Amino acid sequence: MFAGIDIASERHVLARLNDAGAAIGKPITITEDRAGYDALLAALAPPPVLIVMEATGHYWKNLFAVLTAAGHEVALLNPLIARRFQEASLERTKTDAIDAFGLARLAFEKRPAPTHLHDEAAEALRELVRHRDRLRQDFDDRVRQLHRLVDLCFPEFTRYVRGLDSMLATCLLTEYPTAHAFARATPRRLAKLRYDGRHLVGPELAQQLVDAAKRSVGQHHGPAYKLQAQHICQDLDLWRRRLAETEHDIENLLDTHVLGKLITSIDGIGPQTAARIIAATGDPAHFKSAGAFAAYVGVVPGLRQSGKQTSTRAGIGPLGNARLRRALWMPVLSAVKRNPRLRAFYLRLRAAGKPAKLALIAAMRKLLHAIYSVAKHRRPFVATEQGRAVEPPNSATARPCGV
């Protein structure tokens with residue numbers, strides 16, 4: 001038997017095909033509760049059944065756990081694959097039942113490999129990394145809101161305090177949210193404020209802020225702006241603490257993950273980046289090759305030639321894990337500076353006339369090859385010299401991976 005499940009938030013639709021590709025009965029609606037799951041398992045008995053589902057948000061997770069525990073083979077597919085398969089069939093009508101039958105037909109014709117989820121530690125890292133991203137987004141949103149208020153109430157403030165996301169800025173603006181409040185402040189009291197528990201604002205900066213506030217063009221803004229600025233600064237302090245706690249939890253969890261610790265042996269890859277790689281892939285060694293891993297991230301050039309169009313330059317396409325690709329950008333910049341072999345590779349491309357961004361993308365792919373090598377061989381990375389791997393000191397058994 002082959003099956004396809006169209007996933008939704010509260011109700012799913014199941015379609016079944018026999019070994020000849022013929023439909024078995026009508027589509028069945030499955031509710032997201034125990035009764036619905038019991039009906040689903042009864043309709044799929046006896047196992048194993050190859051079931052195809054789309055990885056839609058988080059709605060597939062409970063279904064996947066129940067079906068795999070019952071002995072079924074479940075293939076989670078990118079929704080783009082399912083949509084392209086339906087388009088190839090020239091299907092013009094879209095309903096939940098038709099989508100479920102399309103997934104079942106895909107299972108029958110393509111026989112996709114069953115999906116194996118990450119281990120428990122990798123899944124926990126994924127949740128923590130996503131939680132940290134949401135906190136970071138909220139933090140940045142608050143900073144942008146604070147910029148608006150400062151531009152209105154005390155535009156001269158950023159001449160003396162550059163970053164509004166800093167502890168110094170939030171400490172000052174919590175006590176004195178507007179130019180009117182700064183103008184009425186005593187420089188001596190302002191200078192004694194501790195913005196991180198240790199450092200003082202200082203008399204020089206305090207005097208500069210008070211003098212600038214007295215001449216500020218934003219002194220006319222009143223209590224409504226003051227209240228907003230204070231609340232935003234309080235939010236920023238809370239979000240900053242939560243970010244620090246979450247990053248600390250991520251690093252502690254990464255210490256228990258053998259592969260995650262090995263990936264940090266690569267110059268330029270820190271704990272937060274290693275956690276993102278594990279969260280996105282589980283284990284890069286599951287890819288059939290380093291090229292497949294690079295294609296998953298999306299740093300493989302796509303050359304387009306057809307007829308008289310004979311372009312020899314190929315840019316990277318929109319496919320791939322954009323979130324992971326974006327997270328690797330700063331580590332690549334760091335690795336190009338710190339890793340001698342990667343830096344030599346980057347400079348060689350630049351000397352050959354390649355644009356800086358192209359050379360960095362090529363360096364990112366080379367870095368992904370190093371990550372894949374470490375994951376494949378389960379050995380720490382050591383930069384090579386003249387093409388040979390350097391043995392770490394006092395290492396009699398484990399050989400390093402050099403790229």
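Cys-153 counts as buried, at 1% relative accessibility. The model is predicted. Across the whole structure, a search finds 0 disulfides, and Cys-153 is in none. The briefing below takes the cysteines first, then the sheet, then the helices.

**Cysteines**

- For Cys-153, the nearest cysteine sulfur belongs to Cys-233 and lies 11 Å away.
- Cys-233 has a closest cysteine sulfur of its own, in Cys-171, at 9.3 Å.
- Cys-171 is among the buried residues of helix α6.
- A disulfide, in general, is a covalent bond between the sulfur atoms of two cysteines. The search of this structure returns 0 of them.

**Sheet layout**

- What is the strand order of the open sheet? Its 5 strands run β3-β2-β1-β4-β5, and the pairing is mixed.
- β3 (28-31) and β5 are the edge strands. Each has a single partner strand, so one side of each has no neighbour in the sheet.
- On average, neighbouring strands of this sheet are turned by 25° against each other, direction ignored.

**Strand pairs**

- β1 (residues 2-6) pairs with β2 in the antiparallel sense, over 5 bridges. The two strands form a hairpin, with 4 residues between them.
- Within that pair, Asp-6 stands opposite Val-13 of β2.
- β2 (residues 11-17) also pairs with β3, in the antiparallel sense over 4 bridges. Here Val-13 faces Thr-29 in β3.
- β4 (residues 50-54) pairs with β5 in the parallel sense, over 5 bridges. Leu-50 has Glu-73 of β5 as its bridge partner.

**Strand burial**

- β2 is mostly covered, with 6 of its 7 residues buried.

**Helices α3 and α4**

- α3 (residues 79-88) and α4 (residues 96-110) pack at an angle of about 90°. Their axes are 10 Å apart.
- That angle makes α3 roughly perpendicular to α4.
- From α3, the contact is made by Ile-81, Ala-82, Phe-85 and Gln-86.
- From α4, the contributors are Ile-98, Asp-99, Gly-102, Leu-103, Arg-105, Leu-106, Glu-109 and Lys-110.
- By class, this contact has 6 nonpolar, 2 polar and 4 charged residues.

**Helix α6**

- Which residues of α6 (residues 167-175) are buried? They are Leu-168, Ala-169, Thr-170, Cys-171, Leu-172 and Leu-173.
- What do the buried residues of α6 pack against? Their partners are α5 (120-153), α7 (179-183), α8 (187-191), α9 (203-214) and α10 (223-255).

Conventions:
Residues numbered from 1 in each chain as written. Predicted model: local features only at pLDDT ≥ 70, side-chain atom pairs only at ≥ 80, totals over all residues. Heavy atoms only, no water. Axes fitted to C-alpha atoms, helices over the stretch in contact; angles between N-to-C directions. Parallel < 35°, antiparallel > 145°, perpendicular 65-115°, else oblique. Contact = heavy atoms within 4.5 Å. Nonpolar A, V, L, I, M, F, W, Y, C, P; charged D, E, K, R; others polar. Disulfide = S-S within 2.5 Å. Buried < 20%, exposed > 50% of the residue type's maximum accessible area, 1.4 Å probe, protein only. Pairing = 2+ DSSP bridges.
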